[in-house]
Amino acid sequence: MLRRHTRVESALTWLVLVSLIVLWLPMTAVACTLDRDPARYPSGRFFRRLGWWMSRANRAWRIEIDGEKLENPRNPYVVVCNHLALADIPIISALPWEMKWIAKKELLKTPLIGWLMRLVGDIPVDRGSKRSRAGVLIAARQYLKDKCSVMFFPEGTRSPDGRLYGFSKGAFRLAIKTQVPVLPLVIDGSQYTLPRPGWRFGQAHVRLRVLPPVDTKGLKLADTEALCDRVRAAIAGQLATWRGVSQGAVDALIECAHGTQRPAAALTRASAL
């Protein structure tokens, strides 16, 4: 049974989280003013430290991060991860390197946190606009050229039930076009961090693992689907191992192929990006 923190505990945690964000805004603005890196790498890295503090300020969460270590964080990757909850963002930000996030334009319009994301150069996307999606890939390509990784949630939005849904191909086309490796991440347990509906935090054991990078050298655009399938299978396999179930139990597409209905919101999840 899911355990939630009390109203008082949750209210105090929200107070701490908002205070951290308010504190970080002027400091990040100063960091950006002093930052001469074309990718705003140092100021972006400073901002992501906020995620580390936020994820550890919440006493309802126990977080484990492991997996591959990056020898040189300025060797860029196209980073992809499954998406379970809003808490994924601060938790993944605790990784010890900078990457620019591709995020819904609505998030970057949010007061405080959206302002911070814009300051450090995160990339807004309007998924209903082909022009916006094309602009995202142009901006992401420039960041890779400037030796900064970029971060995609290829499912497009949060999973409604914890299973893994279809991946859009944009991140994988970008990786092939730029001949940059794909770095898969897997997160699990974050779906319990802030259970819907409500604002009270849940007790959650969150695991984040960095899987081995997948090389794209020599791949052609015709290999996009195979690359996407390979990375998605690795993520699904890790989720299944953690949960102690078959891969079919975590992979929504396998159930769909067998005739099981998926939530309607997931049917349109994989956009062109």
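The lining of the largest pocket divides into 25 nonpolar, nine polar and five charged residues. Here Ala, Val, Leu, Ile, Met, Phe, Trp, Tyr, Cys and Pro count as nonpolar, Asp, Glu, Lys and Arg as charged, and the others, Gly among them, as polar. The model is predicted: local features need pLDDT of at least 70, side-chain atom pairs count only at pLDDT 80 or more, and totals for chains, interfaces and linings use all residues. Residues are numbered from 1 along each chain as its sequence is written, and side-chain values use heavy atoms, with hydrogens and water left out.

## Pockets and a cavity

Rolling a probe the size of a water molecule over the atoms shows where empty space is left. The search uses a 1 Å grid over the protein atoms alone; a cavity is a set of points where a 1.4 Å probe fits but cannot get out, and a pocket is an open set with protein on both sides within 12 Å along at least five of seven lines. Lining residues have an atom within 4 Å of a point. Grid points are joined across faces, edges and corners, and a volume is the space filled by probe spheres set on the points.

The largest pocket holds about 870 Å³ of space. It is lined by 39 residues, and those closest to its centre are Trp14, Leu86, Ala87, Pro90 and Leu194. Helices H1 (7-34), H2 (41-57), H3 (88-92) and H5 (113-119) each supply at least two residues of this lining. Helices (H or I, at least four residues) and strands (E, at least two) are DSSP runs, numbered from the N terminus. H2 gives the most to the lining of the largest pocket, with five residues.

The second largest pocket has a volume of about 280 Å³. Of its 15 lining residues, His83, Leu86, Ile89, Lys104 and Leu107 are the closest to its centre. Strand S3 (99-104) and helix H4 (105-108) are the elements that give two or more residues to this lining. S3 gives the most, with four residues.

The structure also holds one cavity of 30 Å³ or more. Its lining is made up of Ile102, Arg127, Phe152, Phe153, Pro154, Ser168, Ala171 and Leu273.

| Space | Volume | Lining by class |
|---|---|---|
| Largest pocket | about 870 Å³ | 25 nonpolar, nine polar, five charged residues |
| Second largest pocket | about 280 Å³ | seven nonpolar, four polar, four charged residues |
| Largest cavity | about 50 Å³ | six nonpolar, one polar, one charged residues |

Buried means under 20% relative accessible area, exposed over 50%, and partly exposed in between (1.4 Å probe, protein chains only).

Two strands pair if DSSP finds at least two bridges between them. S2 runs parallel to strand S5 (residues 149-152), joined by three bridges, and valine 79 stands opposite methionine 151 in S5. S2 also runs parallel to strand S6 (residues 182-188), with four bridges; here valine 78 stands opposite valine 182.

## Rings and charges

Six aromatic pairs are found in the whole structure. Rings of Phe, Tyr and Trp (its six-membered ring) pair if their centres lie within 6.5 Å; planes under 30 degrees apart count as stacked, over 60 as edge-to-face and the rest as tilted. Tryptophan 61 and phenylalanine 201 have ring centres 5.8 Å apart and planes at 80 degrees, so this pair is edge-to-face. Tryptophan 61 lies in strand S1 (residues 61-67) and phenylalanine 201 in the loop between S6 and strand S7 (204-210), so the pair ties together parts that are 140 residues apart in sequence. Tryptophan 61 is buried at 12% relative accessibility, and phenylalanine 201 is buried at 2%. Ring pairs link Trp14, Trp61 and Phe201 into a cluster.

A charge sits over a ring if NZ of Lys or CZ of Arg is within 6 Å of the ring centre and within 35 degrees of the ring normal. Arginine 49 lies over the face of tryptophan 52, at 5.2 Å from the ring centre. The charged end of arginine 232 sits over the ring of phenylalanine 167, 5.8 Å from its centre.

## Backbone details

The peptide bond from arginine 196 to proline 197 is cis, with omega near -5 degrees. Proline 197 is in the loop between S6 and S7. Leucine 112, in the loop between H4 and H5, has a positive phi of about 70 degrees although it is not a glycine.
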